[in-house]
Amino acid sequence: MIMHENPVVLEKGKIRDAKPEDKKNRNLTMAAGIMAAHDTKTDEEVMHLKFDSLTSHDITYVGIIQTARASGLKKFPVPYVLTNCHNTLCAVGGTINEDDHRFALSAAHKYGGVYVPPNMAVIHSYNREMMSACGRMILGSDSHTRYGALGTMGVGEGGGELAKQLLSQTYDMKKPEVVLVYLTGHIKHGIGPHDVALALVGATYASGFAKNRVMEFAGPGIHTMSQDFRNGIDVMTTETTCWSSIWETDEKTEAWFEERGRKEAYKKLSVTDGAYYDRCIELDLGTVESMIALPMHPSYALPIHELLKDPKKYLQEAQTRANKQLNGKVTMDLVSKVQADGSILVDQGVIAGCSGGTYENVTAAASILENADTGNGEFRLSVYPDSMPVYKALSENGTVAKLVSAGAIFREAFCGPCFGAGDTPANGELSIRHTTRNFPNREGSKPGEGQIAGVALMDARSIAATAANQGRLTAATDVDYDDTVEPMKFDGSIYEKRVYNGFGKADPSYPLHFGPNIKDWPEQKELSQDLLVKVVSHIDDPVTTTDELIPSGETSSYRSNPLRLAEFTLSRRDPAYVQEAKNTAALTSDSTEVAKIYDLLSAAKVEVRKDANIVSAVYARKPGDGSAREQAASCQRVLGGGANFAKEYATKRYRSNCINWGILPFVTEEGDKLAKGTYVYIRNVRDAVEKGAPPEAYAVSDHVEKLSVSLGDLTADEKEILLDGCLINFNKKKMM
């Protein structure tokens with residue numbers, strides 16, 4: 001893999017270094033053309049985008065609709081797909097998960113939405129099959145909203161951005177840079193899409209090579225891959241922290257749409273000769289090996305053969321890294337998985353979700369496992385198809401029979417294993433998964449209660465090879481199997497019978513069905529002229545994921561209840577946070593603790609306003625990697641949070657979530673001044689937000705010192721949202 005950090009031009013199928021005059025050809029990329037077609041073009045510097053459709057699942061749609069309702073929602077202006085693929089077990093919290101599903105169906109009737117019932121399809125598979133089209137843009141409240149291989153630019157964002165679209169507002173950001181991913185060569189036997197994806201993530205994540213940029217895939221290598229294979233790579237581009245993705249399309253894309261009864265969704269997309277790219281990756285597909293991403297990040301990737309050359313070395317490195325990240329709460333043991341003969345014995349395999357459960361991945365796994373025996377030891381294998389049409393096709397072509405006969409458990413369309421709500425391993429086990437992430441606790445363990453399990457990401461083919469070897473880690477390139485795949489027969493009548501499509505048929509008189517766990521958002525104050533901030537948690541890890549800010553798994557059942565969900569905030573990373581934040585929210589200018597801070601400031605000749613809002617804050621070096629879920633920010637706000645301090649924000653979507661919930665996203669290089677318990681007094685912060693200027697800030701512990709902070713670039717609307725206190729307040733003002 002060759003990485004070009006400098007701009008390049010793609011000309012006559014060859015890459016050359018760009019010249020200054022080539023910059024004029026920025027608009028020749030596929031991404032630029034699609035974004036321009038969705039831009040309201042009211043600003044030269046900032047895009048104001050309107051999307052063709054929206055999508056959410058049953059962890060996020062209630063909060064989004066509640067936000068839009070509080071702001072005056074009348075009907076959905078574009079198709080809004082409400083899938084039910086996360087909280088579908090209905091095993092936690094009594095009726096509350098099914099209450100959410102009932103709410104969504106009633107909202108689809110009332111506002112004109114598309115309701116996909118539980119276990120019918122995982123969110124991204126339904127959108128690929130039924131909503132994508134070449135040249136479209138789709139906004140989703142899930143970070144893996146990626147349909148670029150189908151010619152659709154998918155963007156994963158927090159719920160606030162979807163609420164804006166539901167209110168016919170725009171998605172605003174500066175035009176992103178574009179990274180060319182130029183593919184050549186042919187995939188080797190045994191290599192799957194996850195192998196390619198993990199190689200890309202491993203090469204790009206740590207350096208931020210693609211961060212907040214568009215990844216544009218081109219080159220002859222594309223046409224050697226099936227459409228299903230491309231989709232499997234594309235969905236993982238999220239893990240590079242890119243903003244979106246787009247691919248060249250061809251006759252295979254056309255055939256894929258035609259099989260699903262949507263031939264009109266196809267048009268050929270290709271790079272215009274002379275297109276200018278800010279960066280470039282050249283990847284010869286023939287060099288990709290069977291890969292594994294060790295705990296606890298998809299970027300900790302290396303070839304399986306490399307791992308097996310010195311398993312104790314690599315597993316010790318991963319184990320040390322993981323235990324440092326776990327901060328001594330619990331100990332992960334990976335080295336014990338190495339056997340006397342040098343092999344690695346794993347305990348569980350899972351193939352699931354939008355990345356793993358696709359037709360070709362499952363078919364390939366079954367081909368490897370045909371006439372095999374997964375054994376009756378501790379190792380076990382579960383397989384989840386990504387949609388019911390895929391399930392039917394796999395049943396009809398004999399795939400399900402092959403898997404079950406080998407000892408696998410075949411399940412329904414469900415995202416659970418990807419975020420900790422299904423197939424949770426036993427304490428101390430190592431699970432290999434073709435899912436999207438292996439962050440801490442994504443498998444469902446609870447370190448605060450002494451539980452830990454490890455997850456390594458692998459392609460379905462190598463997982464099947466390992467299963468055929470009864471749990472001994474095996475690369476699929478070492479297995480002889482038939483890799484021909486019978487074309488899928490897509491039965492769209494399954495959706496016609498069960499999916500409710502109410503777009504364009506909104507019925508304002510239709511009553512919303514509320515369950516006892518569905519609560520309105522609590523009211524929030526607007527930003528005061530000065531602000532007193534208490535740092536109630538200081539996290540100095542290299543990266544803090546959204547799963548650490550608000551855990552996934554069993555907590556997802558409470559995501560329709562802001563107050564109850566907020567009780568889980570930072571519970572896996574800083575269990576003291578919730579009470580500390582509540583204590584801060586209860587402070588007033590007359591409190592002894594606050595009076596002492598004001599006395600110190602006055603003694604340092606800092607003018608104070610005692611009517612300043614008193615809020616809590618978190619310092620984290622690089623927060624927000626991972627999920628798009630807005631609750632990573634809204635839970636802080638519900639508990640009285642009003643600011644965050646960071647060296648940088650891991651993703652645009654998390655920073656946007658903070659802004660939409662009225663949390664000032666401060667950036668500072670002086671995190672050492674922000675120990676837990678430190679106060680920060682910020683003078684004239686309203687003026688600073690309005691003018692886009694760095695505010696005057698002071699860190700106060702037992703003494704006072706200046707603190708250098710900034711808010712970075714803010715759009716006009718983002719400024720107003722922060723001033724009003726949150727997106728709901730902003731929209732209420734607009735409706736007055």
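A nonpolar core is a set of buried Ala, Val, Leu, Ile, Met, Phe, Trp, Tyr and Cys residues joined through side-chain atoms within 4.5 Å, where buried means under 20% relative accessible area (1.4 Å probe, protein chains only). The model is predicted, with local features requiring pLDDT of at least 70 and side-chain atom pairs counted only at pLDDT 80 or more, whereas totals for chains, interfaces and linings use all residues. Residues are numbered from 1 along each chain as its sequence is written, and side-chain values use heavy atoms, leaving out hydrogens and water.

**View A. The largest nonpolar core.** This core has 64 residues, of which Tyr-126, Ile-292, Leu-294, Leu-307, Leu-381, Leu-403 and Leu-473 touch the most other members. Helix H12 (residues 359-369) gives the most to the core, with six residues; helices (H or I, at least four residues) and strands (E, at least two) are DSSP runs numbered from the N terminus. Another core, of 56 residues, lies apart from it and includes Trp-256 and Val-271.

**View B. Surroundings of Leu-473.** Leaving aside residues up to four places away in sequence, the contacts of Leu-473 (heavy atoms within 4.5 Å) include Ile-292, Leu-307, Ile-432, Met-458 and Thr-466.

**View C. The cis peptide bond between Pro-295 and Met-296.** Omega is about 5°. Met-296 belongs to the loop between strands E16 (291-293) and E17 (301-303).

**View D. Positive phi at Asn-441 and Asn-684.** Most residues other than glycine have a negative phi. Asn-441, in the loop between strands E21 (430-434) and E22 (454-458), has a phi of about 75° and is buried, at 4% relative accessible area. Asn-684 has a phi near 50° and lies between strand E30 (679-683) and helix H24 (685-691), in a loop.

Methods:
Buried means under 20% relative accessible area, exposed over 50%, partly exposed in between (1.4 Å probe, protein chains only).
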